[in-house]
Amino acid sequence: MSDLTPQAQFHDDEIDLFELAENLWKEKILIALVTAVVTSVALAYALLATPQYQTQSTVRPTVVNSLDELNRLGVYKLEPGEALALVAAEMDSYEARLDYYRNNRELFSELESESRSLEQNFARINQDSVKVIRPDPKKTDTPNPFVSLQFSYPRGVDGPQIVNGMVQHAIARALQDVTADHNALVASRLSELDRKINTARAAYEAEIE
């Protein structure tokens with residue numbers, strides 16, 4: 001009668017540390033070579049890579065009192081939040097940034113390439129270096145609304161001057177828009193008053209006659 005009792009099978013899965021150490025020792029030259037290459041590449045990158053810096057300028061709503069002189073006239077009304085939105089739109093405007101770049105080329109000389117045109121150079125700078133930061137629109141309870149302009153740049157570039165200049169340029173353009181709108185409203189009101197005066201004068205003269 002055959003023995004049908006299952007026989008347990010055992011496998012020796014233990015790692016022979018001595019054998020492993022012996023194999024590693026045989027490959028010591030290859031391991032040393034790979035380590036040297038990796039270390040050299042890391043060291044070369046650390047020495048040759050251009051350091052990158054980052055600067056940021058933040059604009060917040062103005063106080064209500066600073067808009068009193070404009071709002072007191074009753075022709076054009078502007079709230080602090082609306083003023084910030086106008087500045088934010090200019091800071092986010094590709095045209096406004098390009099205009100600043102054209103007028104301040106010397107500040108961007110280290111970021112330009114002679115093989116690219118003016119528009120191509122600016123497109124690369126605008127894509128790689130400029131970023132507008134706004135509050136998360138999902139968080140409607142943001143206590144202090146703001147808009148920030150962030151600029152990344154390598155050594156040799158005056159990043160703070162560039163980012164502050166861009167912000168001032170955006171504010172100046174927003175002010176020009178407000179001034180143009182205000183003047184248009186004033187001209188419209190004056191034209192309306194002039195028509196009323198002429199109508200009243202004609203009616204008065206007719207009554208006198």
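The model is predicted: local features need pLDDT of at least 70, side-chain atom pairs count only at pLDDT 80 or more, and totals for chains, interfaces and linings use all residues. Residue numbers run from 1 along each chain as its sequence is written, and side-chain values use heavy atoms, with hydrogens and water left out.

**Stop 1: Asp92**

Select Asp92 and show side chains. A salt bridge here is a side-chain nitrogen of Lys or Arg within 4 Å of a carboxyl oxygen of Asp or Glu. By this rule there are eight salt bridges. One of them joins Arg97 to Asp92, at 3.4 Å from N to O. Arg97 has 9% relative accessibility and counts as buried. Asp92, at 40%, counts as partly exposed. The classes are set by relative accessible area: buried is under 20%, exposed is over 50%, and partly exposed lies in between (1.4 Å probe, protein chains only).

Asp92 sits in the loop between α4 (80-91) and α5 (94-103), and Arg134 in the loop between β2 (130-133) and β3 (147-154), so the pair ties together parts 42 residues apart in sequence. Helices (H or I, at least four residues) and strands (E, at least two) are DSSP runs, numbered from the N terminus. Arg134 counts as partly exposed, at 44% relative accessibility.

**Stop 2: Asp99 and Arg173**

Select Asp99 next, then Arg173. Their salt bridge has its closest N and O atoms 3.9 Å apart. This pair links distant parts of the chain: Asp99 is in helix α5 and Arg173 in helix α7 (residues 159-208), 74 residues apart. Asp99 is partly exposed at 25% relative accessibility. Arg173 is buried, with a relative accessible area of 18%. Glu90, Asp99 and Arg173 are linked in a network of salt bridges.

**Stop 3: the largest pocket**

Which residues lie nearest the centre of the largest pocket? Select Thr62, Leu67, Ala83, Val87 and Ile171; they are the ones, among 16 lining residues. The pocket's volume is about 280 Å³. α4 and α7 are the elements that give two or more residues to its lining. The largest share, five residues, comes from α4.

On a 1 Å grid over the protein atoms alone, a pocket is an open set of points where a 1.4 Å probe fits, with protein on both sides within 12 Å along at least five of seven lines; lining residues have an atom within 4 Å of a point. Grid points are joined across faces, edges and corners, and the volume is the space filled by probe spheres set on them.

**Stop 4: helix α7**

Select Val163, which lies in helix α7. Val163 is buried, with a relative accessible area of 1%.

Leu190 is exposed, with a relative accessible area of 53%.
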